[in-house]
Amino acid sequence: MPLRPVKNFTLSIARTALDWLFPPTCLGCGEEGVFICPECFSKIKLVPRDVCNYCGAYTSKKGKCANCHDRQLPYAGFRAFAFYEGVIRKAIHHLKYQNDLTIGRYLAGLLTMVYQRTNWEADLVVPIPIGEQKRYERGYNQAERLAKPLAELLEIPFTSEALIRINEISSQVGLNHEERRENVREAFVANARLLEGKKVLLVDDVFTSGATMEAAASEVMAAGATRVFCLTVAKVNNLVDLN
Ligand SMILES: [Zn+2]
Ligand SMILES: [Zn+2]
């Protein structure tokens, strides 16, 4: 599928102005001018295309890995840009903790490249919400900072009101898949009025076990969406440790 040109001119002007006021430095090597310089970019471990459509794991089978084969999953596809390591991991940390609007826009640009290689045709972009307490502490939802510019670049409507998080999810570290599922159960509430009949693109920063996406997608489907697709910047490589 050919890449469509990005039409949102206003956004690119805003980005240029912000970059001029606060020039970014490469998160990998410190070089001035870009978030990730060409050399550091070339070292990013991209998630290959021939991975499982549902969990992003390496698989020799087309579409669904052996792990996902017998699972009923609420979403129709999952894609991530790169593995959660190196400069991408630094970029996610920057997005989460530095309250810098420009990094979200930069990463959203990378997400458009991934999206444009799918055939998803979503008609609504929704960020994975965080709980009130976290939002209060951080001041913003990092997933929203990715999803909003992504929606603008793709010219797809955006809403952060279709899905809210009612239960704080405690740390998932050290839990197995079943425990993680239990941990995120009933964490979300979806708004049927906004979701009914929609093909929804759920956006988050990192995909770890998939339990969060699964719980969110279940709620969105239960609220009447016709399909759900999941897109994240990074995916934890299950071959490495989760921290
Ligand atoms: Zn660099
Ligand atoms: Zn899988």
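Student: OK, how many helices and strands does the protein chain have?
Tutor: There are nine helices and six strands in the protein chain. Keep in mind that this is a predicted model.
Student: What order do the strands of the open sheet come in?
Tutor: The order is β1-β6-β5-β2, four strands with parallel pairing. β1 (77–83) and β2 (124–127) each have a single partner strand, so one side of each has no neighbour in the sheet. From one strand to the next, the twist averages 20°.
Student: And how many bridges join β1 to β6?
Tutor: Six, and β1 runs parallel to β6 (residues 227–235). In that pair, Ala 80 sits opposite Thr 232 of β6.
Student: Which strands does helix α9 touch?
Tutor: Helix α9 (residues 211–222) packs on the sheet and touches β1, β5 (199–207) and β6. The direction of α9 makes about 165° with that of β5.
Student: Switching to helix pairs: at what angle do α3 and α4 cross?
Tutor: Roughly 135°, with the axes of α3 (residues 86–97) and α4 (residues 101–115) coming within 8 Å. The two helices are therefore oblique to each other, and their crossing is left-handed.
Student: Which residues make that contact?
Tutor: Ala 91, His 94 and Leu 95 from α3, plus Ile 103, Gly 104 and Leu 107 from α4. Four of the contact residues are nonpolar, two are polar and none is charged.
Student: Last one, what share of the protein chain's residues count as buried?
Tutor: 39% of the 243 residues. As for contacts between residues at least 6 apart in sequence, 74% join residues at least 24 apart.

Notes:
Residues are numbered from 1 along each chain as its sequence is written. Chains are lettered from A and ligands numbered from 1 in the order in which they are written. This is a predicted model: local features need pLDDT of at least 70, side-chain atom pairs count only at pLDDT 80 or more; totals for chains, interfaces and linings use all residues. Two strands pair if DSSP finds at least two bridges between them. Axes are lines fitted to C-alpha atoms, for helices over the stretch in contact, and angles run from 0 to 180 degrees between N-to-C directions. Two residues are in contact if their C-beta atoms, placed from the backbone, lie within 7 Å. A residue is buried if 20 or more other C-beta atoms lie within 10 Å of its own, exposed if 12 or fewer, and partly exposed in between; C-beta atoms are placed from the backbone. Angles under 35 degrees count as roughly parallel, over 145 as roughly antiparallel, 65 to 115 as roughly perpendicular and the rest as oblique. A crossing is left-handed if the near helix is turned anticlockwise from the far one by less than a right angle, and right-handed if clockwise. Ala, Val, Leu, Ile, Met, Phe, Trp, Tyr, Cys and Pro count as nonpolar, Asp, Glu, Lys and Arg as charged, and the others, Gly among them, as polar.
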